[in-house]
Structures are given as C-alpha cells and as structure tokens.
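I opened a notebook on this one to keep track of what I looked up.

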Amino acid sequence: MAAAEGEDQVVESLRTTAAYVRDVEHALTFDATTASVTRVEPGATTLMMVAAVDPLILYDLVPSLEAGGVSGTASITGRRGTFACGALAVLETVESSDGATLAPAGAAPQGGGGAARSESSDPPGDTPVTGAAPEVDPAVPAGQWPRLRCDVPVEVEAYVGLEATVQVDYRTPAGARKTLRLLTAISSETAPSTVVDDHRVVRAAVDPALLYQLTPAVDAAQVTGTGAVVGRDQTFTCEAVTLYDSTLDDGAQGVVAAPEQASVLAPQAETVDGGARADRAVSCRVPADVELYDGVAVRLRVSTARVTDALVVPLTAIRTTSVGTGIVALVTGTAADGTQTTANRVVTLGLDDGLAVAVTDGLVDGDVVVDPISQT
C-alpha cells in the first residue's frame, strides 16, 4: 500500500538524484526546406474615360490646362447627374520600335477610346455656338492621336464599359471660351504591383497536435528558431518564426511563388508522422546575409518557451502527475546500512524540455528524490 504524502517509508537503497538549478527550454525540431518568398502590394485601379482628340485642338487646350483654366465634367449614359473629373490630362503618344502606340511616362490607359464629337466656341459673345465635329484626317491613324483623360473620382459608382460623355470647358490664349465634348467609354488602369518584401524562408509541415504548443507561443511572439543546413557546417538564427496556413490563398497572405515552389511554400495536407494531415507549416525567416538556395534541406529547431535558473529534477523522478502537479519520493534520511527513508511529496511542475522538468514549488535546491533511471 502506497504511503500518503509526508508519511515516511523505509526502503532498500535506491537510485536517487538531487534537485538542481539550470535553464529549461522547450523546443521542437522539424525537417524543413528552403524557398523564396516575395510579398507584393497590388497596384491601385483607377477608372477613367479616355478619348482621342484632334491634335490641332491642343494648341488652345494645353495652355489653358497648364494655367489651371480648364474644367472637366462627365456623365454616364442612362444615368442622371454629372461629376467633375478627378484629374484631367492630355496623353501624347509615341511610336515604339515594334509599331505599338504607347503613352509616355507610364500613363498608358487600359482600353477605352473615342473621338471628339463636337466643339463649340464663342466669338466674341457669351453664348457658345456649337460647331461641327472636327474631321478625321485619314492620313493620321486615330490610334496615334493625342488622348484626353478624365479620371473617375473614387466616390462615383461606375463600371468598365459604360458609355460616358466628357465635357471640357476652356479658354483659348486669345480669351475665347470653348467647350469640347467627347463620347467615350469607361476603362480602367491598374498601377504595377509593388514588391514590399523579398526574402527566403525555411518551412516545414506541422503535425496538428503540435499547434497547441506552437500557436500560443507564436501569437505571443515568444518563439525563436535556429537552422542547421543538412550536409554543411552552417547554422543561422531565424529573424522571425511564424505559422503559414496553406488553407488560405497565397494572395491573401501576400505571398507570390513560382509554380515549381508551390509544394515547398504550401504543403497542402501533407502527411506527417502518425498519418495525420497537416495544413499548416512553421516558417522561419532567413537573414539576408545567410547564403542559402531554394530546396536546401534544413534541420529547424523552434524554441517555444525558456525559463532561466529553474529548479529541476529528471522527468523520470516524477512518479504520478496531474495537471500542473506531480508526486516525487523525497529522501528524508539514510541509515548507516544504506537503508533510506522516503516520503511522498506533491510538487508543482513547470516547463520541461523532454529530459528534466522545472519544479516551481515543493522542493528546494539539493533535495534528493528517487529516480529509477539515475546512475547514483
């Protein structure tokens, strides 16, 4: 019959060990692979109306535009109301080496078109007189005409393909008031994506059971990681350790990868030890000055917790455990013939590293406990 807590037992000489102080670290190890990761910020999309204009009109329009004397409004066919152009600009085209028409300074509109339908002027009164639409010179392809661009403000509800009319009011250098009306369609332009981060990672599938240990530590930013390159005498410290969820779209996580890297970056439902399927991976960011190549095997060690100067005993000295506590056989005395007296002691347990466990209450440094695996 087992003795109650604190009740002495006289037993034969047993293997024992003393409680002592050292650091305790809980760590997990993974077989990982190196891959490149690029994080991008998508470019903004702008709705606009772009229409070709007779180059001769620019002699009057451009000076007024540069002087800030131009106002542009637009209306969508079939809908009431007008709105002011968010921006108004003239796009002059240039001929590329392959014959394509390009807009300068990277301001090329995506689609859209149209031409000037009417022009009105007011010699010398205040009431505009509508004139005929300018004739198209067949010797000059319309695709090479300058274009007038009116941006749709972000607060205006509009969609690509809708027909729209742009009206531009301006004054000539001589002071005459003129109005230019353009019938066109709404198009869009998306700015190039911006690379905001480009780096390498070491990534490995995680058994779902380990997420109970990893997730809280990652969320609290308490994890650290080190990598050892397999086959080389090379180690490094991770700049950051995160969890990668392969059930989410890469774009939602800001990750762009080459197709051949997909299985490395996102181990979709990868089988791990025990037949479990892991949809998550642990990811270690590799410092920029570490020489690594995609596909290199790395032994990744991730530390989830660390306690310094902890009082520890071997895990094998813990006889029975419950949540946060355990029982040890504390040696209370030793007779001349080697017979030992022990008493059960309930102790509070802390962090363990797989070999030893921290005892936060119930023992003091130097206490001797029974350990069946001890060499003493």
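Entry 1, the term. Before reading any link, I wrote down that a disulfide is a pair of cysteine sulfur atoms within 2.5 Å. I also noted that this is a predicted model.

The link of Cys 238 and Cys 284 has -105 degrees about the S-S bond and is left-handed. I then checked where the ends sit: Cys 238 is in the loop between strand S17 (235–237) and strand S18 (240–245), while Cys 284 is in strand S21 (residues 280–286). The two cysteines are 46 residues apart, and I noted the pair as a link between distant parts of the chain.

How many disulfides does the structure hold? I got two, and Cys 85 to Cys 150 is one of them, with 2.0 Å from S to S. The torsion about its S-S bond is about -105 degrees, so I wrote "left-handed" for Cys 85 and Cys 150 as well. Cys 85 lies in the loop between strand S6 (83–84) and strand S7 (88–91), and Cys 150 lies in strand S12 (residues 147–151). They are 65 residues apart in sequence, so this pair ties together the parts that hold them. I found both Cys 85 and Cys 150 buried.

I numbered the bonded cysteines of the protein chain in sequence order and got 1-2, 3-4.

Entry 6, rings. I searched for aromatic pairs and came back with zero. What lies over the face of Tyr 244? I found Arg 203 there, at 4.1 Å from the ring centre.

I located Leu 56 in the loop between strand S4 (45–52) and helix H1 (58–66). Its relative accessible area is 61%, so Leu 56 goes down as exposed, because the cut-off for exposed is over 50%. Last, I looked up Leu 56 against Pro 146: they are 90 residues apart along the chain, and their C-alpha atoms are separated by 10.0 Å.

Methods. Residues are numbered from 1 along each chain as its sequence is written. This is a predicted model: local features need pLDDT of at least 70, side-chain atom pairs count only at pLDDT 80 or more; totals for chains, interfaces and linings use all residues. Side-chain values use heavy atoms; hydrogens and water are left out. Helices (H or I, at least four residues) and strands (E, at least two) are DSSP runs, numbered from the N terminus. Buried means under 20% relative accessible area, exposed over 50%, partly exposed in between (1.4 Å probe, protein chains only). Rings of Phe, Tyr and Trp (its six-membered ring) pair if their centres lie within 6.5 Å; planes under 30 degrees apart count as stacked, over 60 as edge-to-face and the rest as tilted. A charge sits over a ring if NZ of Lys or CZ of Arg is within 6 Å of the ring centre and within 35 degrees of the ring normal.
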